[in-house]
Amino acid sequence: MPCWDQTMAGYKLPVKVVFCSAILSSRSVLSWMQKLFCGVCFGVLASLEDYEETVKKAKEAWKVWADIPAPKRGEIVRQIGDALRQKIKVLGSLVSLEMGKIFVEGVGEVQEYVDVCDYAVGLSRMIGGPILPSERPGHALIEQWNPVGLVGIITAFNFPVAVYGWNSAIAMICGNACLWKGAPTTSLTSVAVTKIIAKVLEDNKVPGAICSLVCGGADIGTAMARDERMDLLSFTGSTKVGKQVALMVQERFGRSLLELGGNNAIIADTLYGPLHTKEAVKMFLDAVEQAKQQGGSVVYGGKVINRPGNYVEPTIVTGLPHNAPIVHTETFAPILYVLKFKEEEEVFAWNNEVKQGLSSSIFTKDLGRIFRWLGPKGSDCGIVNVNIPTSGAEIGGAFGGEKHTGGGRESGSDSWKLYMRRSTCTINYSKDLPLAQGIKFQ
């Protein structure tokens, strides 16, 4: 069944796994994975009945978790970070095997989860609202922050560990239970992470269902979006699907946190692994062909590499106009469109005319240009960098973007507020009953 706790038999996954020591980095990795997935049911998608059972158990687990003081919750999250740290290399190998990114990036992704756990520990002693001055004598005005309840987390294949970590670590110290639906093509990673978390929770005598997992398809994601028991739904994925999710959540006046398409304004990485699927290879070839049809010239790459796996050449395209449709299209592939500009104002406008607004960067030594880039007429993205690439982000800052990227924020800064509900509370400790604004009824 999809919900992990001591009473459940295992997980249902949409994939069949064949362990092969030639693929994995070492026999120790193979041995750990064989033990980890012992008893897991492969080849079966979770049904809506499984989903219903999982939600019920997660809601019951929340009642236990919400009563635990926030610093104690932080201590358990610290232990989760330590457990992940102990398995960081084997988890990194699993991410590389299943998702396709190179090993060091797989390890780095797990490290992000570890880092945000460390961050969440300190945050667990700091969350709270201010005491505000009341205009009425003998009154106190305070902000009280409480957990929203159950946080649904839907993640994409490209970051099968880190995005869940950003959400779950912060959501947990805020007092929420989590229900995770990872990408169907990275289900092994989802199971591995959840089993590690479950052991920590159960070792602390709290229900493993505080961090539940459902491995399923679009029907499960739709159910989560429409389910009023999802007090917050965090969705990471394409802008197209994100629009559908936003509408379904809004229709029930629910809360959503959207991390959608990026299409960043600069790409600098040349060391990379294979694309995720054969479909991704086809999308790469289609994008290259569209670039040619729209007036671009492929000056490097543009082909599939003749070797096992979904490998393609890093590709550089020149000669396209800034408003070419393919330039404005997010393609999960190593394609760089090089555009020439004359004036600062026009290139800032080109950056901002793209519908997505996740990350952007400028390389310059001109201090004036730097601050214009960061200012109100500069980049309109959620992440605005100077002299560094757009890839990667420190966990201490809020991660997210504007416009069609969804507007959500995860990880650091004050992102924790999205996982809580705020109450403005007035306490009258006087013997009178004055009204605000000095109103008196004669």
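Hi everyone, and thanks for coming. First, the ground rules. Residues are numbered from 1 along each chain as its sequence is written, and side-chain values use heavy atoms, with hydrogens and water left out. Since the model is predicted, local features need pLDDT of at least 70 and side-chain atom pairs count only at pLDDT 80 or more, while totals for chains, interfaces and linings use all residues.

So how confident is the predictor? pLDDT is its confidence in each residue, from 0 to 100. The protein averages 88, and 88% of the residues score at least 70. Please be careful with residues 1–26, where pLDDT stays under 50. The model does have 81 contacts beyond four places in sequence for that stretch, a contact being heavy atoms within 4.5 Å. Where pLDDT is low, though, the predicted coordinates should not be read in detail.

Now let's go inside. A nonpolar core here is a set of buried Ala, Val, Leu, Ile, Met, Phe, Trp, Tyr and Cys residues joined through side-chain atoms within 4.5 Å. Buried means under 20% relative accessible area, exposed means over 50%, and partly exposed is in between, using a 1.4 Å probe and protein chains only. Which residues have the most contacts inside the largest core? They are Tyr113, Tyr164, Met172 and Leu201, in a core of 54 residues. A second, separate core has 21 residues, including Ala58, Val214, Met224 and Ala225. In soluble globular proteins, nonpolar side chains tend to be buried together.

Next, two single residues. Helices (H or I, at least four residues) and strands (E, at least two) are DSSP runs, numbered from the N terminus. Met230 sits in the loop between helix 8 (218–226) and strand 6 (232–236). It counts as buried because its relative accessibility is 1%. Beyond four places in sequence, Met230 has contacts that include Tyr51, Leu150, Met224 and Arg252. Met230 and Ile153 are 77 residues apart in sequence, with their C-alpha atoms 9.6 Å apart.

Thr315 is in strand 9 (residues 315–318), and at 2% relative accessibility it is buried too. Among the residues Thr315 touches beyond four places in sequence are Phe284, Tyr300, Pro334 and Leu336.

Finally, charges. Side chains of opposite charge can pair when their charged atoms come close. We call it a salt bridge when a side-chain nitrogen of Lys or Arg is within 4 Å of a carboxyl oxygen of Asp or Glu, and by this rule the count is 16.

Take Asp82 and Arg78, whose closest N and O atoms are 2.7 Å apart in a salt bridge. About one helical turn separates Asp82 from Arg78, because they are four residues apart in helix 3 (residues 70–86). Asp82 is partly exposed at 26%, and Arg78 is partly exposed at 30%.

Another salt bridge joins Arg422 and Glu143 (3.6 Å, N to O). This pair links distant parts of the chain, strand 17 (residues 420–428) for Arg422 and strand 2 (residues 139–147) for Glu143, 279 residues apart.

My last pair is Arg369 and Glu344, at 2.8 Å between the closest N and O atoms. Arg369 belongs to helix 12 (residues 367–374) and Glu344 to helix 11 (residues 344–353).

Key. pLDDT = per-residue confidence, 0-100.
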